[in-house]
Structure formats: structure tokens, C-alpha cells
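Please walk through this model region by region, keeping the confidence of the prediction in mind alongside the local geometry.

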Amino acid sequence: MTQKRKPSKKKPAAKRPQRKKTAKQKIQPVEEILFRVEGKMSTFGGPRDTGMSADEGLALFTPADLQDPKYSYLFLPTPPPGTTGLGRRLNPDKYYFACRWNYNDTPREFLKRALARVENPANGRTADARPADWGPNISTGRAADLSPGLAAALGLQTDDVVRITISALRAIPVKPVKSAKQAAPVSRTAPPGKPVIKQFIRSPNCSSRNVGTKIDKIVLHCTEGSLASALAEFQTSDSRKVSAHYVIDRNGDIYQMVNDADCANHCMGANTGSIGIEHVGSETDALAAPQAAASAALIRWLLQEHQIPRTNIFGHDFTPGYSRPGGTSCPDKLFGPTHSQATIAAWIAANV
Ligand SMILES: [Zn+2]
């Protein structure tokens, strides 16, 4: 994705005339998303959360933070009787939450300063909240734990779906600190996390994964058609009802259409535990360079995010569980001229 865009071989440059001239800074301000998750939620923290032990702490805060007015408001003035940990001392009326952070992508110090947008997709209500802890355990099948007050404000009940976004714009400015550990600018130092999603275009052709279903594979596809036709087909529910989690254009733009937490309809028989990535191309195209870079970045992030083994990245036709093996030419010649899983594996080994 760092490469300069250039017209793809197959399409005349006239196709997107202004694009080339458009310097990065002039592209419509796209929010730089540093973290986003959508999935089921529950609540945690505070004196009445007996799911937390009396001495249980929080991943992002230490007792020293109680002295800092930036953070102290999240806590009760005194520890609830019989407790020593910060978890039960959280003020359940304040807006805080926990997600399963990857501290390489979103370091602790960043999270402590971040303000997230928490949203109830069902009613559109949003609120700002602070990251406070790591969780919930992956075995719960949930994506986030919210403070009881936050959940109530958004009209969320346990196992409802919540969407949480942290963008670079929303990091709380840090006052100069004289300590040895200098706080570096967030957006530049955070290691690459989830690649920027150009647009989230929701596809109706998806379903909930069963609670506890592990995402354990990535399936690579070729659209065998234009970006527009793929986006259109995935948005219509009156034909084949197909979809994919991601669609990567030849210029490297990534569109998301289904949340990772949900099941897309991209590989019959193997949708339950998989993430589907479509790549725009014809039956004879190889990946365009920016597209390959975007795909590799997305795959790297997915592997880490969902702890998917590197050996579980498949071409559509070669996916274990696919109900018609040998029944499709997908992903065609995108990853190499030979229609085989070995071609896919070689590309992964060389690029991801
Ligand atoms: Zn396919």
C-alpha cells in the first residue's frame, strides 16, 4: 500500500482521471481507523461485578493512576469493602470498556489516552468511552465488555452487538511529560494494525457466527468482474445472496462488507469459520502490485487478530469443507498461473 498508484495494465488511465493528481492530503479526510471491532458484548467492573475477584486489576491502569485526574474519574473514591483490586473499584456509571487488544497495534500507553466511539448499531446510539481492560476471554464469543452505565446509555443488553472504533483523530492530547518515557506521536509510532478500510458497505448476505465459533481460516477469491459489479452483487439480496468480508480493488483500496464476527457467504460449506477476501480481477489477471500489498497487509492483520494459523489460508477451490471442490476456477490466476493450493501457499510464503 505504500506504492504509488499507477494505472493497471488492463484498464486505461482515463478510467480514473483525477485520481492520479490527487495528492494524499487532498483525498477526502478519511478517518484513520486504528482499532475497530464489532460483536457481542457484556458488562464488567464495579462493586457488584462478582465475576471479578476482589483483588483483580485492570490491564491498562495501576493504582498510581488513581492520583491522575485524567483517569481517577473512572474509579470510586474508595475501594468497595473487601476489595483491593481496581476492577471492582471502577465506577460502573462511567463509560469504560474492554476489548482484546493487540498491544503491538494499539500499545497500552496509546489506549490509556484514547477515546473510543462506542455504538449500538441497532439503534444508532453512540457514546465516547475509555479503554480500561483487556477482555473478554475469547471463549465467551464476545468482542467487548462495557461498563454497566455505558451499556445502559446505549440501550445494550448482554449479547447485543456493539461496535467500537478508535481513530487517530480521537486520541486525547497528551501534555508534555518530563518522565524518561517520552510519549511519541500516536499515529506515527503505532505499528501497522488493521489496514485502512476505505469504506464499510454493509452486505445483507451474512449471518451471525454461532457463539464460540473460532475463525480459523482465510479464503481468497477473485471477483471475475469489476469492483462495481462485486460491490453491487454483495449488496443485493435477491439473487445469489453472496458476500465477502473484504473486497480489494486493483489500486489497493479495501472495502469491508461483513464484520469479521459474522459469517459471509463466499465459500459454500466453509463459511462458518472463515473470512473471505475478494480481489478484483478477471479470470486472466494477476494481482496488481498495490492490490497484492493491501491483501498481504490485511492477511497479516487477520492472522494476528484471530490467531489463524498461516497454513490456513486457502484459494476458494481448495478450501477444506468447500462443498464443490474442483467446482470453481476461483481464485483464477491472481496468485500464480497454476490452479493449485501450492500456488497460494507459495504466494503467502513470499508475501505475507
Ligand atoms: Zn471465489
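Residues are numbered from 1 along each chain as its sequence is written, and side-chain values use heavy atoms, with hydrogens and water left out. The pLDDT, the predictor's confidence in each residue on a scale from 0 to 100, averages 86 over the protein chain, and 84% of the residues score at least 70. Over residues 1–29 the pLDDT is below 50, and this stretch has 26 contacts in the model beyond near neighbours in sequence, a contact being heavy atoms within 4.5 Å. Residues 172–191 also have a pLDDT below 50, with 17 contacts beyond near neighbours in sequence.

The zinc ion is coordinated by ND1 of His221, ND1 of His316 and SG of Cys330, at 2.0 to 2.3 Å. Donors are taken as N, O and S atoms within 2.8 Å of the metal (3.2 Å for Na, K and Ca), and water is not among the atoms, so sites may look incomplete. Along the sequence, the spacing of the donor residues is H-x94-H-x13-C. His316 and Cys330, 14 residues apart, both lie in the loop between β14 (313–315) and α9 (341–351); here helices (H or I, at least four residues) and strands (E, at least two) are DSSP runs, numbered from the N terminus. His316 counts as buried because its relative accessibility is 10%, and Cys330 is buried at 4%, where buried means under 20% relative accessible area, exposed over 50% and partly exposed in between (1.4 Å probe, protein chains only). The peptide bond from Cys330 to Pro331 is cis, with omega near 10°.

What does a search for aromatic pairs find in the whole structure? There are six such pairs, counted where rings of Phe, Tyr and Trp (its six-membered ring) have centres within 6.5 Å, with planes under 30 degrees apart called stacked, over 60 edge-to-face and the rest tilted. The rings of Phe35 and Trp101 have centres 4.6 Å apart and planes at 50°, so this pair is tilted. Phe35 belongs to strand β1 (residues 33–43) and Trp101 to the loop between β2 (96–99) and α4 (108–113), so that the pair, 66 residues apart, links distant parts of the chain. Phe35 is buried at 9% relative accessibility, as is Trp101 at 4%, and together with Phe97 these two residues form one aromatic cluster.

In helix α7 (residues 227–235), Leu227, Ala230, Leu231 and Phe234 are buried. Seen down the axis of α7, the buried residues fall within an arc of 95°, so they line one face of the helix; the arc is that of the directions from the helix axis to the C-beta atoms. These buried residues pack against β10 (246–248), β11 (254–256) and β13 (274–279).

Some backbone details remain. A cis peptide bond with omega of about -5° joins Gly135 and Pro136, and Pro136 is found in the loop between β4 (126–134) and β5 (144–146). Asp159, although not a glycine, has a positive phi of about 80°, and Asp159 is partly exposed at 34% relative accessibility. Glu224 has a positive phi near 50° and lies in the loop between β9 (217–222) and α7.
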